[in-house]
Amino acid sequence: MVSIDGSIGEGGGQVLRTALTLSALTGQPVEIANIRAGRPNPGLQPQHLTAVQAAAAICQARVEGAKLGNQTLRFAPQSPPIPGTYTYDVAEVAGRGSAGAVGLVFQTVFLPLALAPGESHLTLRGGTHVPWAPSVDYLQEVFLPTVASMGLEAEVDLVAWGFYPAGGGEVRVRIRGRSGSLSPIALTDRGAVRRVWGRGVVSNLPAHIPQRMVDRARNLLARAGLRADLQPLVVRGAGPGAGIFLFVQYEHARAGFTAYGRKGLPADQVAEAACRDLLAHHETGAPVDPYLADQLLLPMALATGVSRIVTSAITRHLLTNLAVLQAFLPIRATVEGSEGRPGTVTIIRA
């Protein structure tokens, strides 16, 4: 049994999710202690417990400790990942309305199902656009187009918006399974800017708010020499919410940046936060944004050969994820650069 200390590195839920994914993929049982020890509310929260249940369902795992608040979990797969039709509802697990991120549940089961022979269909309910998790927009516009070059194919369709804190959103996912190893990825040169686009979105709020967000973002990006195609959008949801989602496509890479509104925060400041992150990335010349770098580690470690990416910032999240990967897989990994600075990540698997 692989033993993982959930307090390592940034001590968050990514340790749990990565361990579940790798256990399902490799068939190795795992014990995870000190789950989310670095968080104010340690232990399994609804979105984490949903990820456990999702991973267990696809490989018929025996699970001990799968209860809200638990800090220790044992997970033992009983079969290779089984493609099929699955439904996971974070609110149902919580026993109340929840904006637990469906994007993080998707991350947990995506690779096991994508590397299984057969097609899978998922219905995920909960938070579709919440802080500290990949939004549905990011999955659609950045993550999935990038990993498609490695041989991973999936489509994510947004059925209902679910902003934090009310949740109530739904996505439907189609994953085309495959056999054989993944192709390695090399993202070291981004090339010229081809397109900048995005949208400002509000749920159950006045239409002038997304308009103000996109107007401010368009002006800020124009000052930096980036012409952006930005659209305002008003949607209905379980509760109020606001966010702006910005994307940039270079010749060889994509990047995405998000900022969410909250009560009392002016729309202009929401736009400024997202633009600040986009421009900070753009100025480094690196092809891979910090969020994508972290999400690419798993497929890089599963690809045969040498994978190498250059990112605009090495994060503690990335370093933590890498430590979990090395506990499961026979890989050689190097990180050139320091935390918070641009750097290069290389993973080699024979």
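Mentor: T18 sits in helix α1. Helices here are DSSP runs of H or I with at least four residues, strands are E runs of at least two, and both are numbered from the N terminus. The model is predicted, so local features need pLDDT of at least 70 and side-chain atom pairs count only at pLDDT 80 or more, while totals for chains, interfaces and linings use all residues. Residues are numbered from 1 along each chain as its sequence is written, and side-chain values use heavy atoms, with hydrogens and water left out.

T18 has a relative accessible area of 0%, so it is buried (under 20% relative accessible area, with a 1.4 Å probe and protein chains only; exposed is over 50%, partly exposed in between). Its side chain makes a polar contact of 2.4 Å with the side chain of N321. A polar contact is a pair of N or O atoms within 3.5 Å; within protein, one must be able to donate a hydrogen and the other to accept it, and residues adjacent in sequence count only if both atoms are side-chain atoms. Beyond its neighbours within four places in sequence, T18 is in contact with L298, N321 and V324 (heavy atoms within 4.5 Å).

The 14 residues of α1 should span 20 Å at 1.5 Å a residue, and the end C-alpha atoms are 20 Å apart, so the two agree. The expected span is 1.5 Å times one less than the number of residues. α1 is mostly covered, with 12 of its 14 residues buried. Among them are Q14, R17, T18 and S23. Just after α1 comes G27, with a positive phi of about 80°.

The whole structure holds one cavity of 30 Å³ or more. On a 1 Å grid over the protein atoms alone, a cavity is a set of points where a 1.4 Å probe fits but cannot get out; lining residues have an atom within 4 Å of a point. The largest cavity has a volume of about 160 Å³. That volume is the space filled by probe spheres set on the points, which are joined across faces, edges and corners. The lining has 14 residues, and Q14, Q107, F143, Q295 and L298 lie nearest the centre. α1 (13–26), α4 (102–114) and α8 (290–302) each give two or more residues to that lining. By type, the lining has five nonpolar, seven polar and two charged residues. Ala, Val, Leu, Ile, Met, Phe, Trp, Tyr, Cys and Pro count as nonpolar, Asp, Glu, Lys and Arg as charged, and the others, Gly among them, as polar.

Next comes α2, a partner of α1. Buried residues of α2 pack against α1, β3 (62–64), β4 (73–76), β5 (85–89), α3 (90–94) and α4. α2 covers residues 46–59 and reaches 20 Å from its first C-alpha to its last, close to the 20 Å expected. Because 12 of its 14 residues are buried, α2 is largely enclosed by the rest of the structure. The buried set includes P46, H48, V52 and C59. Q60 follows α2, with a positive phi near 50°.

Key:
On a 1 Å grid over the protein atoms alone, a cavity is a set of points where a 1.4 Å probe fits but cannot get out, and a pocket is an open set with protein on both sides within 12 Å along at least five of seven lines; lining residues have an atom within 4 Å of a point.
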